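Hi,

Here is the structure I promised to pass on. Please have a look before reading my notes below.

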Amino acid sequence: MPVPWEALIPFGLLTAMFGTAGTLFNISTRAQNEGLPPRYNLDKWESLMMERDKRLTGTKRGQTANPIAPEHFATSSVWTGFKV
């Protein structure tokens, strides 16, 4: 059975477009996560630790080894508007 060579041009275009779209999506996702792959299946503990890291360092994926928290961390809480 002969190969229809005309069909290879659209096949190549589709392959290139899907490859380009996937690569750009991967680059966009990693750029939003500071160059790291995205996190999947996060439980409540991991979400709370990510929120704490964001309040400590200012970025979602940032971590610090400093044992003493910055001064603004004392008032940087989700409960700041809560009055008893």
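This is a predicted model: local features need pLDDT of at least 70, side-chain atom pairs count only at pLDDT 80 or more; totals for chains, interfaces and linings use all residues.

**What I found**

H2 itself covers residues 44-57. The helix has 14 residues. From first C-alpha to last, H2 reaches 20 Å, close to the 20 Å expected at 1.5 Å a residue. Three residues of H2 are buried: Met50, Asp53 and Leu56. They sit on the same side of H2, because they cover an arc of only 125° around the axis.

How do the two partners stand in terms of exposure, buried or partly exposed? Asp53 has a relative accessible area of 9%, so Asp53 is buried. Arg52 is at 32%, so Arg52 is partly exposed. The cut-off for buried is under 20%.

Now the other helix. H1 runs over residues 8-32. H1 has 25 residues and reaches 36 Å from its first C-alpha to its last. That is close to the 36 Å expected at 1.5 Å a residue. Glu34 follows H1 and has a positive phi, near 60°.

There is a record to set beside this. UniProt, in an unreviewed entry, lists residues 7-27 as "transmembrane region". In the model, that stretch is 95% helix and 0% strand. Its end C-alpha atoms are 30 Å apart.

Last, the loop between H1 and H2. Asn33 lies there. Is Asn33 buried or exposed? Its relative accessibility is 9%, so Asn33 counts as buried. Which residues does Asn33 contact, leaving aside neighbours within four places in sequence? They are Pro38, Lys60 and Arg61. Gly62 is 29 residues from Asn33 in sequence. In space, the C-alpha atoms of Asn33 and Gly62 are 9.8 Å apart.

Best wishes

Key:
Residues are numbered from 1 along each chain as its sequence is written. Side-chain values use heavy atoms; hydrogens and water are left out. Helices (H or I, at least four residues) and strands (E, at least two) are DSSP runs, numbered from the N terminus. The expected span of a helix is 1.5 Å times one less than its number of residues. Buried means under 20% relative accessible area, exposed over 50%, partly exposed in between (1.4 Å probe, protein chains only). The arc is that of the directions from the helix axis to the C-beta atoms. UniProt positions are given in the numbering used here, feature names are shortened, and annotations may be inferred rather than shown by experiment. Contact means heavy atoms within 4.5 Å.
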